[in-house]
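Please keep the sequence and the coordinates at hand while reading.

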Amino acid sequence: MDALRRKVIEDGVVIDEKILKVDGFLNHQIDAALMYDIGQTFYEQFVDQGVTKILTIEASGIAPAIMAAHRFDVPCLFAKKAKPSTLNAGYYQTDVHSFTKNKTNTVIVSEEFLSADDKVLIIDDFLANGEAALGLHRLVEQAGATTVGVGILVEKSFQQGRSRLEEAGLTVSSLCQVASLTGNKVTLVGDTES
Ligand code: 5GP
C-alpha cells in the first residue's frame, strides 16, 4: 500500500536495528484518513471470507481495526491487557509477550463478544515475532471461532512473525514490509533505495 509505505519512509524513526517508531501517524498521533484507506484495503482483501468480527489488541491496533470494522459493517473487539473490575462474567484469556516492552501481559476478551460462529479478521499495527497475533488467534480458538486471516500494517520481514503465523495455518496480509532497519535507515521490501 503506497500511502503507508510513504509514511513509514517519511515519518518512521529508527530506534534501533529492531524497532521502528511511528508515533507521528499510528502509535500516538493517528492519521485518520490513512486509517480509513487501510480499512478499505483490508476490506477488499478479505471481503469474500464472511468476516463477522474484527479483533485487535489494545491500544495501537484499535485505530486501523475500527476503520476496517466500519467498512465490513461488523463489530470491532479489542483484547484488554488487564481485567477490568466491571468484567465479572466469563472471559477468554492468554499470555502475550510484548516485543517492545519485554513484558508478558495476560490479555482477555469477554465470552459475551466472541462465539463459535464468528469468523474473525485479526488486525494489528506491527508484526515482529507474531506473539500478539498468535495470542489473539488463541482467544479465537478458545471461543471455538475461526480466524480467517491476519491483517498487519507494518511487517518487519527480518523477524519470525510471518513464518510462525503461517506455520499455525494463518493467512497473513501485510500492507508494508520492512526489510531492515540497519544503518539508522528504513529499507522496505521491494525498494533498493529508500
Ligand atoms: P509481535 O507480537 O509480533 O512480536 O510484535 C508485535 C507487537 O509489538 C505489536 O502489537 C506492536 O505494538 C509491537 N511492536 C513490535 N515491533 C514494533 C516496532 O518496531 N515498533 C512499534 N512501534 N511497535 C512494535
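Is Asp-73 buried or exposed? In this predicted model, Asp-73 has a relative accessible area of 70%, and because exposed means over 50%, Asp-73 counts as exposed. Asp-73 is found in the loop between H4 and S4, just after H4, where its phi takes a positive value of about 60°.

**The chain as a whole**

The protein chain has six helices and 10 strands. Its radius of gyration is 16 Å, close to the 16 Å that the globule rule gives for 194 residues, so the chain is as compact as a globular protein of that length. Taken along the principal axes, the C-alpha atoms fill a box of roughly 50 × 35 × 35 Å. Of the 194 residues, 46% count as buried, and the accessible surface of the chain comes to about 9,400 Å², of which 47% belongs to carbon and sulfur atoms. Among contacts between residues at least 6 apart in sequence, 63% join residues at least 24 apart. As for charge, there are 18 positive and 26 negative side chains, and the centres of the two sets lie 4 Å apart.

**Helix H4 and its cover**

Helix H4 spans residues 62–72, and its buried residues are Ala-63, Pro-64, Ala-65, Ala-68, Ala-69 and Phe-72. The cover over these buried residues includes both helices and strands: helix H2 (23–27) and helix H3 (32–46) take part, as do strand S3 (53–57), strand S4 (76–79), strand S7 (119–127) and strand S8 (146–156).

**Strands S3 and S4**

Two of the strands that cover H4, S3 and S4, run parallel to each other and are joined by four bridges. Within this pairing, Leu-55 has Leu-77 of S4 as its bridge partner. Leu-77 also belongs, with Ala-79, to the covered face of S4, whereas Cys-76 and Phe-78 form the uncovered face. In a regular strand the side chains alternate between the two faces of the sheet.

**Local backbone features**

The loop between S3 and H4 contains Ala-59, and the peptide bond from Glu-58 to Ala-59 is cis, with omega near 0°. Positive phi values occur at Asp-73, a residue other than glycine, and at Asn-184, which is not a glycine either. Asn-184 is placed in the loop between strand S9 (172–180) and strand S10 (187–188). The table sets out the two residues with their phi and accessibility.

| Residue | Phi | Relative accessible area |
|---|---|---|
| Asp-73 | near 60° | 70%, exposed |
| Asn-184 | about 60° | 64%, exposed |

**Lys-7 in helix H1**

Lys-7 sits in helix H1 (residues 2–11). How exposed is Lys-7? At 22% relative accessibility, Lys-7 counts as partly exposed, because the buried class is limited to values under 20% and the exposed class to values over 50%. Leaving aside neighbours within four places in sequence, the residues in contact with Lys-7 are Gly-12, Phe-25, Asp-31 and Leu-34. The C-alpha atoms of Lys-7 and Leu-26 are separated by 9.9 Å, while the two residues are 19 residues apart along the chain.

Definitions and conventions
Residues numbered from 1 in each chain as written. Predicted model: local features only at pLDDT ≥ 70, side-chain atom pairs only at ≥ 80, totals over all residues. Heavy atoms only, no water. Buried < 20%, exposed > 50% of the residue type's maximum accessible area, 1.4 Å probe, protein only. Contact = heavy atoms within 4.5 Å. Rg over C-alpha atoms; globule rule 2.2 N^0.38 Å. Areas by Shrake-Rupley, 256 points an atom, 1.4 Å probe, with all protein chains shown as cover. Lys, Arg positive; Asp, Glu negative; His and termini not counted. Charge placed at Lys NZ, Arg CZ, Asp CG, Glu CD. Pairing = 2+ DSSP bridges.
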